[in-house]
Amino acid sequence: MGNNRLAGKVALITGGARGMGASEAQLFIEEGARVVITDVREDVGQETAKRLSPDGSVCTFLRHDVTNEADWSAVVDEVVKSLGQIDILVNNAGIFERGSVLDTSLEDFERTMDINVTGVFLGMKTVVPHMVKRQKGSIINISSVAGIQGTPGFLAYGASKWAVRGMTKGVAKELAPLGIRVNSIHPGIIDTPMLQTFEAAGEGVRDAVRTRIPLGYEAEPIHVARMALYLGSDESAYSTGSEFIVDGGWTA
Ligand SMILES: NC(=O)c1ccc[n+]([C@@H]2O[C@H](COP(=O)([O-])OP(=O)(O)OC[C@H]3O[C@@H](n4cnc5c(N)ncnc54)[C@H](O)[C@@H]3O)[C@@H](O)[C@H]2O)c1
């Protein structure tokens with residue numbers, strides 16, 4: 001069990017049905033938080049919430065498409081109504097698709113930007129008014145090493161993750177006087193369903209990374225969840241507008 005590092009806090013985690021979001025939800029609960037996970041994957045999301053909290057007291061699931069502003073309003077209203085507050089927002093939902101500058105269609109580009117960037121923007125826009133009322137809150141935007149360095153062959157993904165990093169910094173400066181912190185996490189290669197799907201398609205991601213990652217292995221979702229725990233807790237009180245890299249030394 002944990003050390004109550006998030007005692008009394010309420011967290012909203014998007015894309016929490018599986019992968020890193022689900023791992024963050026589990027760790028946050030172990031550390032005393034009440035968590036709402038949201039996702040477009042309804043069945044998996046319900047199962048995850050049930051697994052993490054069989055009686056529903058510390059984890060619930062809401063269906064939510066992060067690209068949809070009305071969905072965001074409904075989710076935030078529901079969380080505030082049922083749990084009274086939102087202390088931590090983890091903008092984690094995202095998609096990862098291959099495509100170079102020549103073979104990315106406008107439609108492909110817009111799909112990635114819609115989920116990975118507009119989703120994060122709408123999340124901040126909708127949750128911040130509630131945090132402002134309480135003059136506190138921590139927003140954690142999940143970017144990537146693709147928001148630290150160039151990623152040939154992943155044009156839209158790279159653009160989206162740099163945008164997340166940039167928005168994080170601007171919003172952090174806007175909200176600092178109001179007691180709200182905003183940081184980005186930049187995972188490297190993490191063993192989640194997203195990565196497994198890619199590997200199954202014969203992309204050879206794991207082999208490639210082993211040669212590039214100084215620590216020599218891909219991480220588990222818990223490695224990123226522990227960084228999110230730190231940023232969600234008051235232990236990170238003096239950090240805002242910063243990049244927190246979890247990449248085994250890849251971008252060093
Ligand atoms: N796995 C990695 O190696 C890696 C590395 C760097 C960054 N990331 C980022 O970490 C985050 C989580 O990735 P993961 O590896 O856990 O992926 P994942 O695919 O396992 O989980 C992402 C979740 O987001 C959900 N989602 C997708 N579109 C959505 C939408 N429109 N609305 C709501 N939910 C939606 C999916 O249904 C899924 O459950 C993503 O932002 C991803 O870009 C992943």
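Predicted model: local features only at pLDDT ≥ 70, side-chain atom pairs only at ≥ 80, totals over all residues.
Visitor: Is strand β3 largely enclosed or largely open, given how many of its residues are buried?
Guide: Strand β3 spans residues 59-63.

Visitor: Which residue of β3 is the bridge partner of Ile-37?
Guide: Strand β2, residues 34-39, runs parallel to β3, and five bridges join the two. The chain passes from β2 through helix α2 (residues 42-52) to β3 in a right-handed β-α-β crossover. In β3, the partner of Ile-37 is Phe-61.

Visitor: Which residues have the most contacts inside the largest nonpolar core?
Guide: In soluble globular proteins, nonpolar side chains tend to be buried together. In this model the largest nonpolar core holds 53 residues. Helix α4 (residues 106-134) supplies the largest share of this core, six residues. Those with the most contacts inside the core are Ala-11, Val-35 and Ile-37.

Visitor: Which residues does Val-35 touch, leaving aside those up to four places away in sequence?
Guide: Val-35 is among the residues with the most contacts inside the largest nonpolar core. With residues up to four places away in sequence not counted, Val-35 touches Ala-11, Ile-13, Ala-25, Phe-28, Ile-29, Val-58 and Cys-59.

Visitor: How many residues form the second, separate core?
Guide: This second core includes Ala-146, Phe-154, Leu-155 and Tyr-157. It is separate, and its number of residues is five.

Visitor: Are the two faces of strand β4 covered or uncovered?
Guide: In a regular strand the side chains alternate between the two faces of the sheet. In β4 (residues 88-91), Ile-88 and Val-90 lie on one side, with Leu-89 and Asn-91 on the other. These four residues are all buried, and both faces of β4 are covered.

Visitor: Which residue of β5 is the bridge partner of Ile-88?
Guide: Strand β4 pairs in the parallel sense with β1 over three bridges, and Ala-11 stands opposite Ile-88. β4 also pairs in the parallel sense with β5, over four bridges. The chain reaches β5 from β4 through α4, by a right-handed β-α-β crossover. In β5, the bridge partner of Ile-88 is Ser-138.

Visitor: Which elements give two or more residues to the shell around the ligand?
Guide: The ligand is surrounded by 29 residues, the closest being Gly-15, Gly-19, Gly-94, Thr-192 and Met-194. By class, the shell divides into 15 nonpolar, 10 polar and four charged residues. The elements that give two or more residues are α1 (19-30) and α6 (193-200).

Visitor: What is the phi of Gln-135?
Guide: Most residues other than glycine have a negative phi. Gln-135, in the loop between α4 and β5 (137-142), is not a glycine.

Visitor: Is Arg-226 exposed or only partly exposed?
Guide: Arg-226 lies in helix α8, residues 221-232. A residue is buried with 20 or more other C-beta atoms within 10 Å and exposed with 12 or fewer. Arg-226 has 14, and is therefore partly exposed.

Visitor: How many Å apart in space are Ser-57 and Arg-34, C-alpha to C-alpha?
Guide: Ser-57 is placed in the loop between α2 and β3. Ser-57 is exposed, with 9 other C-beta atoms within 10 Å. In sequence, Ser-57 and Arg-34 are 23 residues apart, while their C-alpha separation in space is 7.7 Å.

Notes
Residues numbered from 1 in each chain as written. Pairing = 2+ DSSP bridges. Right-handed = clockwise from strand over helix to strand, strands pointing away. Core = buried A, V, L, I, M, F, W, Y, C linked by C-beta atoms within 7 Å. Contact = placed C-beta atoms within 7 Å. Near = placed C-beta within 6 Å. Nonpolar A, V, L, I, M, F, W, Y, C, P; charged D, E, K, R; others polar.
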